[in-house]
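This report goes through selected side-chain contacts in one protein chain. The structure comes first, and the notes follow.

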Amino acid sequence: MKTLQATFFLVAFVPLVKPAPPIQQDSPKFYEYDTDIATGNLIQQDYEMLPNDAIKDGTNVSLDTGLSLQADDSELSARPTKDTNLPTCLLCVCLSGSVYCEEIDIEAVPPLPKETAYLYARFNKIKRIAVSDFADITTLRRIDFSGNMIEEIEDGAFSKLLLLEELSLAENRLVKLPVLPPKLTTFNANQNRIKSRGIKNNAFKKLTNLAYLYLGHNALESVPLNLPESLRILHLQHNNITTITDDTFCKSNNTRYIRTRMDEIRMEGNPILLAKHVNAFSCLRTLPVGTYY
């Protein structure tokens with residue numbers, strides 16, 4: 001009787017039991033990022049959210065969000081580099097028409113992306129600027145080469161930069177000025193080795209938009225000639241200027257002439273006594289800063 005009951009129980013119960021489904025493992029999810037986005041940066045951001053111990057364990061990392069990432073050590077961070085053989089936008093920083101190549105020890109102007117408008121290449125080891133450096137980049141509006149070792153600028157190096165408004169060659173080794181583009185509003189050549197014979201007589205005459213001219217800490221023996229009417233600020237401090245004429249800033253044949261835009265002239269640190277040249281400043285609204293006694 002007991003055997004009959006046990007048999008009946010098995011017949012009635014077993015069909016109701018279904019075998020457990022096989023364990024399914026979640027397949028890894030892969031994310032394709034747009035080619036314009038640096039995958040290394042995305043990975044680095046995710047790694048920065050993890051404890052240090054987790055980062056050291058290996059290349060297979062699981063985030064709390066469920067995203068699985070696999071990367072080489074080279075992809076984890078984009079550290080600054082001084083490998084000057086890299087393409088420009090890996091060696092420098094390219095952002096919205098601006099190229100930043102500062103303090104990376106380059107010795108020449110790197111090939112620039114087309115439509116570059118702003119170039120910052122300060123504190124490098126550039127020694128020479130060639131015509132070919134800007135031959136195809138006509139969109140530049142600002143260039144800053146401060147703090148390099150520039151000794152030579154080829155004739156015509158800036159001739160095609162018709163939109164250039166600001167140019168800094170401060171803290172270099174220039175002994176003469178190049179031909180400057182016509183639309184300049186600001187030109188800075190402070191702290192070079194420029195002598196008066198290194199500036200052509202009409203170097204600034206046609207720069208009708210030039211408002212700020214910085215030539216301090218050079219070796220000039222005289223004030224540059226034919227300064228444009230647009231000039232507002234002129235820095236000539238700490239040169240070797242010994243003479244000024246009545247036509248340096250004013251017009252000796254026109255006593256009514258006034259330089260209405262000139263706001264500041266700095267001439268301190270020059271071996272000249274300005275009080276001996278009062279007529280040279282008669283057209284100015286304010287006297288130059290310098291020694292008068």
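## Surface patch

In this predicted model, a nonpolar patch on the surface is formed by Val 93, Leu 95 and Tyr 100, whose accessible area together is about 280 Å². Tyr 100 belongs to strand E4, which covers residues 98-100. The relative accessible area of Tyr 100 is 34%, so this residue is partly exposed.

## Aromatic contacts

The model has four aromatic pairs. One of them joins Phe 249 and Phe 281: the ring centres are 6.2 Å apart and the planes meet at 40 degrees, so the pair counts as tilted. Phe 249 lies in the loop between strand E12 (233-235) and strand E13 (264-266), while Phe 281 lies in the segment after E13; the pair thus links distant parts of the chain, 32 residues apart. Phe 249 is buried because its relative accessibility is 1%, and Phe 281, at 4%, is buried as well.

Elsewhere, Phe 134, Phe 145 and Phe 158 make up one aromatic cluster. A ring also takes part in a contact with a charge: the charged end of Lys 251 sits over the ring of Tyr 257, at 4.6 Å from the ring centre.

## Salt bridges

Side chains of opposite charge can pair when their charged atoms come close. The structure holds ten salt bridges. Among them is the one between Glu 102 and Arg 122, with the closest N and O atoms 2.6 Å apart. Glu 102 is in the loop between E4 and strand E5 (118-120), and Arg 122 is in the loop between E5 and strand E6 (128-129), so this bridge ties together parts 20 residues apart in sequence. Glu 102 has a relative accessible area of 27% and is partly exposed; Arg 122, with 29%, is partly exposed too.

Arg 128 pairs with Glu 152, the closest N and O atoms being 3.3 Å apart. Because Arg 128 lies in strand E6 and Glu 152 in strand E8 (residues 152-153), the bridge connects parts that are 24 residues apart in sequence. Arg 128 is partly exposed at 38% relative accessibility, and Glu 152 is partly exposed with a relative accessible area of 40%.

## A further bridge and a network

Glu 151 forms a salt bridge with Arg 173, where the closest N and O atoms are 3.9 Å apart. Glu 151 sits in the loop between strand E7 (142-144) and E8, and Arg 173 in the loop between strand E9 (166-168) and strand E10 (186-188), so parts 22 residues apart in sequence are tied together. Glu 151 is partly exposed at 47% relative accessibility, as is Arg 173, whose relative accessible area is 32%. Salt bridges with shared partners also join Glu 102, Arg 122 and Asp 144 into one network.

Technical notes. Residues numbered from 1 in each chain as written. Predicted model: local features only at pLDDT ≥ 70, side-chain atom pairs only at ≥ 80, totals over all residues. Heavy atoms only, no water. Patch = residues over 30% accessible without salt bridge, like charges linked within 9 Å, V, L, I, M, F, W, Y side chains within 5 Å. Areas by Shrake-Rupley, 256 points an atom, 1.4 Å probe, with all protein chains shown as cover. Salt bridge = Lys/Arg side-chain N within 4 Å of Asp/Glu carboxyl O. Helix = DSSP H or I, 4+ residues; strand = E, 2+ residues; numbered from the N terminus. Buried < 20%, exposed > 50% of the residue type's maximum accessible area, 1.4 Å probe, protein only. Phe/Tyr/Trp six-rings, centres within 6.5 Å; stacked < 30°, edge-to-face > 60°. Lys NZ or Arg CZ within 6 Å of the ring centre and 35° of its normal.
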